[in-house]
Amino acid sequence: MLKKVILRTIVLWGAGAAMALQAAPENRPNILWIFSDDHSIQTIGSYGGRLQKLNPTPNLDRIAKEGMRFDRCYVGNSICAPSRATLLTGKHSHLHGKIDNQGGFNHNQQQFQKILQKNGYQTAMIGKIHLNGKMQGFDHWEVLPGQGDYYQPNFISGKGMYTEEGYVTDIITDKALKWLDSGRDKDKPFMVMIHHKAAHRSWMPALRHVGMYENLFIPEPDSLFDDYATRGVAAHSATMTIRDEMRLESDLKLYTPKSWEKYEAEKKKMIAAGKPFPPAGGWEFGAYFRMTPEQRKVWDDAREASNQKILAKGEAWLKTPEGVKWRYQRYMKDYLGCIASLDENIGRVLDYLAESGLDKNTIVMYSSDQGFYMGEHGWFDKRFMYEESFRTPLIAYWPGHIKPGSVNTDLVQNIDFAETFLDLAGAPVPDDMQGRSLVPLLAGKTPKDWRESLYYHYYEYPAIHNVRRHEGVFNGRFKLIRFYGKGVPNGEEWELFDIEKDPEEMNNVYGNPEYTAKIAELKKELQRLREVYEVPEDTSGE
Ligand code: SGN
Ligand code: CA
């Protein structure tokens, strides 16, 4: 059953007016989708904010300037694998079944790329997908196993697993450009998904970017020392603080003599157990030892002087407010270093499109699997429905078709991506997808009945970073969150934020009688959304 049979409608912007064209099949656009991991809005220049003056993303800023920036793009579940499953299926987590990073993904289900393929598109997926198993619906796929590695990454394709020499963001881009240039059937339009590992923990920049921010001061967020007053158990007990949960070695790249003893002991254990060494992904020292000795030398030398100064202060200092500020600087410099190669490689793709003439009929879209904390609330990581991790970037670029410099402020969500791709291709949209095509928005024409609220649901608890299960509703101004299940006193706890008055979400006003009517209205809306999206009744988390 088809929800809608969509006309081959291609948006054209020109001569000062937006108009729609019914394109012939041979004019169907190519779709080039660039996706990153954990890329915060705060570190994209065109989104503004305290880090803009560092000019972290010149290439992304260029496409935002010449295309459309979405200012209110959100995810339905701020964590990797569920967000990626939503990208492919156009459904919230409870319907595609991948509610957290733990369970499996059923590849046999409906996914947009299978439909594109049936409708004459060449499809390719390169990089991180975080959904174990064989990809379906792609003419070409080469993915990182699990989280992947920054240096000497392994890849899996239909042919099995192999290791590539070099830095992951460069390699993923090389592979994508190779496929575009000589790997595809040029008689067909294409959809290519270029999925970066950057800027995931443990934030390892390419060698050419290791020291690039070393002598700069990275502005701090106002809430670096948030004490979570006014908020409930979830914020108080999350284990994702820069102060306490950042690891000295893999996260902060600070190695003490104790570090090496720990490393030797763990290495010995691994070898005795017959495990491969260095291991792929995951292990604290693993990523470091996937670098060659030459790479490690560049890596260590860039930080040696500042590391010695810090080590001289002693480990206890690292827990003091000054120590936290230092941790923040080191974290941000490495994170931004990862963003530098990401942005550079986006530039390479844009150059290739222009040189090959493909730019005329290719829409480029950029997003991330979710946002990230850059020290706001004292945190790194994501998971919460608070703005920094709930929001995600979305930039679309298609010269001649999207009005340059446009900014969209409608509430859009990652459930919309799959239907947008199908709509762009004039392919049918299946009944069970839960989003809406963004194509009219790209033409500057938001439908009158566009959504006025978003549904959110995070499930991964108990798990790393200890964030309680929660669901919620956001109407663009007010955000109502219900934490529930295990680890929540009496099984339920609510928070309410007025984003207009309190954009940093420091002031939970759920207990304030002024908001009684607003709370009732939002609870009703939450229930309506549960019904619309067919959320199962039992959300006890037990
Ligand atoms: C790893 C990270 C966590 C992160 C999860 C999920 N630790 O476990 O900090 O929250 O991945 O990230 S690490 O030290 O192993 O990098 S996600 O993007 O895949 O959801
Ligand atoms: Ca992620």
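Q: Which residues does His195 touch, not counting residues up to four places away in sequence?
A: His195 touches Trp33, Phe35, Arg84, Leu87, Met125, Ile126, Gly127, Lys128, Ile129 and Ile172, where contact means heavy atoms within 4.5 Å. This is a predicted model, in which local features need pLDDT of at least 70 and side-chain atom pairs count only at pLDDT 80 or more, while totals for chains, interfaces and linings use all residues. Residues are numbered from 1 along each chain as its sequence is written, chains are lettered from A and ligands numbered from 1 in the order in which they are written, and side-chain values use heavy atoms, with hydrogens and water left out.

Q: Where does His195 lie, and is it buried or exposed?
A: His195 lies in strand β11, residues 190–195, and counts as buried because its relative accessibility is 0%. Buried means under 20% relative accessible area, exposed means over 50%, and partly exposed falls in between, with a 1.4 Å probe and protein chains only. Helices (H or I, at least four residues) and strands (E, at least two) are DSSP runs numbered from the N terminus.

Q: Switching to the metal, which protein donors does the calcium ion (ligand 2) have?
A: The donors of this calcium ion are Asp37 (OD), Asp38 (OD), Asp369 (OD), Asp369 (OD), Gln370 (OE1) and Gln370 (NE2), at 2.2 to 3.2 Å from it. Donors are N, O and S atoms within 2.8 Å of the metal (3.2 Å for Na, K and Ca), and because water is not among the atoms, sites may look incomplete.

Q: What spacing do those donors follow along the chain?
A: The spacing is D-D-x330-D-Q. As for burial, Asp37 counts as buried because its relative accessibility is 0%, and Asp38 is buried with a relative accessible area of 0%.

Q: How many residues does the largest nonpolar core have?
A: That core has 77 residues, and those with the most contacts inside it are Leu32 and Tyr331. A nonpolar core is a set of buried Ala, Val, Leu, Ile, Met, Phe, Trp, Tyr and Cys residues joined through side-chain atoms within 4.5 Å.

Q: Which helix gives the most to this core?
A: Helix α10, residues 321–356, gives the most, with 15 residues. This core also draws at least three residues from each of domain 1 (2–203 + 339–447) and domain 2 (215–229 + 246–329), where the bounds come from an automatic or database domain assignment. Another core lies apart from it and has 45 residues, including Trp33, Leu87, Leu394 and Leu424.

Q: And what is Leu32 in contact with, leaving aside its neighbours within four places in sequence?
A: Leu32 is in contact with Leu180, Val192, Ile194, Val349, Leu353, Thr362, Ile363, Val364 and Met365.

Q: Into which domains is the protein chain divided?
A: The chain is divided into domain 1 (2–203 + 339–447), domain 2 (215–229 + 246–329) and domain 3 (455–532). The centres of domain 1 and domain 3, taken over C-alpha atoms, are separated by 28 Å, and the contact takes 27 residues from domain 1 and 27 residues from domain 3.

Q: Why is helix α12 largely enclosed by the rest of the structure?
A: Helix α12 (residues 417–424) has 8 of its 8 residues buried, so the helix is largely enclosed by the rest of the structure. Glu419 and Asp423 are among the buried residues of α12, and just after α12, Gly426 takes a positive phi of about 65°.

Q: Which peptide bonds are cis?
A: Cis bonds include the one from Ala198 to Ala199, with omega near 5°, and the one that joins Phe277 and Pro278, with omega about -5°. Ala199 lies in the loop between β11 and α6 (233–237), whereas Pro278 is found in the loop between α7 (257–272) and α8 (286–289).

Q: What phi does His377 have?
A: His377 has a positive phi of about 60° although it is not a glycine, and its place is in the loop between β12 (362–368) and α11 (387–390). His377 is buried, with a relative accessible area of 1%. His465 has a positive phi of about 75°, and is not a glycine either; His465 is buried too, with a relative accessible area of 6%.
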